[in-house]
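Here is a short briefing on one protein model. Please keep the sequence and the 3D view open while reading.

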Amino acid sequence: MSNIKNKKILLGITGGIAGYKSAELCRLLIKQQAEVRVCMTQSATEFISPLTLQALSTKPVHTDLFDHEAEAAMGHIELAKWADIIIIAPATANTIAKIAHGFADNLLTTIILASHAKLYIAPAMNQNMWQQPQTQQNIQQLASLNIKTLGPAHGIQACGDTGMGRMLEAREIIAELAKNTPQTLLTNTTILITAGPTQEALDPVRYLSNRSSGKMGYAIAKAALQMGAKVRLISGPVNLPEPIGVETIKIQSAQQLLTSCQQYAGDSDIFIATAAVADFRPIVQSQQKIKKQDDRDKLTIELTKNPDILATISHDFPHLFTLGFAAETEQLITSAKKKLKSKKLDMIAANQVGDNLGFEKNDNAIELIWHDGQISLPMMDKQNLAFKLLSLLAKHYRNCNAAY
Ligand code: C5P
């Protein structure tokens, strides 16, 4: 499996005849299941049509720093933040000089300056231009900035010269990217996470819900992303910002949560259910606001059971590696072990709630239990806990998959 699967790669194309190889590069990156966006300089568009790259990447091609439509969809700052890797192929002597000296006079160089993504350049130019001391000094400057130069190769050039300056072939660039992209614990996995509470409507203005803040689920989503996974987060109503780089789907009720999970479970590898799903919902959801009615002192609301989303998904999608959460106020371990079996899970994280513990807090402690073992993760910040939890999960997930 490729190290660049699921990586968000921005392919920058500058104005050189080697631009024709960029189409192949784009195609091969997508074949490796990387997510690809393309940014072209104006002169690049003279060599290869943006339409070709748009067709190959299936996404609009970005060319203009001041394109208001593109800015509305994904502006230069978003693109800069979005990318894990930026590869400029071909990189002309002109663009290399601009990057080496921090210019930001077009969309591509502006993105580069605004981004923390790992940057690679694949130079392509006439052999004399390559050998000029200015270019060589710029290349050295890039190396000192931790920007990696791939190639160029020696050979016959488009202008008829023979020498150094040919852009590497697309498959050689892919091999270099893969070699330089470290495998992280969750590389090549797609993780589906549920988080937050559900709200079960009584009428258009009232609902039944719980105290879940969503902090644990959001922390897991952020940690999973940093550990190399592609992450989808299905979230109930919470007061937390959507984690950048995570596809976040907002729901309200348990039934909406189930529908959304069913939609995404098929092409996920791991399912983590941190959501505090309401166990019951009102049988009748009044279309109008329920009136106080002065002649009655009591109001009885009949509830019906909600689906158990974790158990349903784990049963209907047996390929998934599943981690559930058991928030308990008593008999923590015994109840968690029961749920591990009854819901057919691979792992369960048991955490004590109530008495000022668990929900709404920034810290948490859990007992992580699987079929033939368990480990205590002591009280710590939920973000740290998320990393520890996922490291253990990744180990079990890999062992489990190695068995097949
Ligand atoms: O059975 P209990 O609610 O204690 O189980 C908790 C686990 O099951 C959590 O992982 C929670 O996200 C999940 N759950 C669910 N659907 C429900 C109830 C709980 O997915 N209706």
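L390 is found in helix 15 (residues 382-402); helices (H or I, at least four residues) and strands (E, at least two) are DSSP runs, numbered from the N terminus. The model is predicted: local features need pLDDT of at least 70, side-chain atom pairs count only at pLDDT 80 or more, and totals for chains, interfaces and linings use all residues. Residues are numbered from 1 along each chain as its sequence is written, and side-chain values use heavy atoms, with hydrogens and water left out.

**L390 and its surroundings**

- L390 counts as buried because its relative accessibility is 0%. Buried means under 20% relative accessible area, exposed over 50%, and partly exposed in between (1.4 Å probe, protein chains only).
- Beyond its neighbours within four places in sequence, L390 is in contact with L186, I220, A223, A224, M227 and I272. Contact means heavy atoms within 4.5 Å.
- L390 and A221 are 169 residues apart along the chain, and their C-alpha atoms are separated by 10.0 Å.

- Eight strands form an open, mixed sheet in the order 12-11-8-13-16-17-18-19. Two strands pair if DSSP finds at least two bridges between them.
- Strand 12 (247-250) and strand 19 (373-381) stand at the edges; each has a single partner strand, so one side of each lacks a neighbour in the sheet.
- From one strand to the next, the twist averages 15°. Axes are lines fitted to C-alpha atoms, for helices over the stretch in contact, and angles run from 0 to 180 degrees between N-to-C directions.
- Strand 8 (residues 190-195) and strand 11 (residues 230-235) run parallel and are joined by six bridges. T190 stands opposite K230 in strand 11.

**Helices on the sheet**

- Helix 13 (residues 309-316) packs on the sheet and touches strand 13 (270-273) and strand 16 (321-328). Its direction makes about 170° with that of strand 13.
- Helix 14 (residues 332-342) lies across strand 16, strand 17 (347-352), strand 18 (363-370) and strand 19. Helix 14 runs at about 155° to strand 17.

**Helix 6**

- Six of the eight residues of helix 6 (residues 93-100) are buried. They are A93, T95, I96, K98, I99 and A100.
- These buried residues pack against elements including strand 3 (85-91), helix 7 (107-114) and helix 9 (133-144).
- G102 follows helix 6 and has a positive phi, near 75°.

**L299**

- L299 is found in the loop between strand 14 (280-282) and strand 15 (303-305).
- L299 counts as partly exposed because its relative accessibility is 48%.
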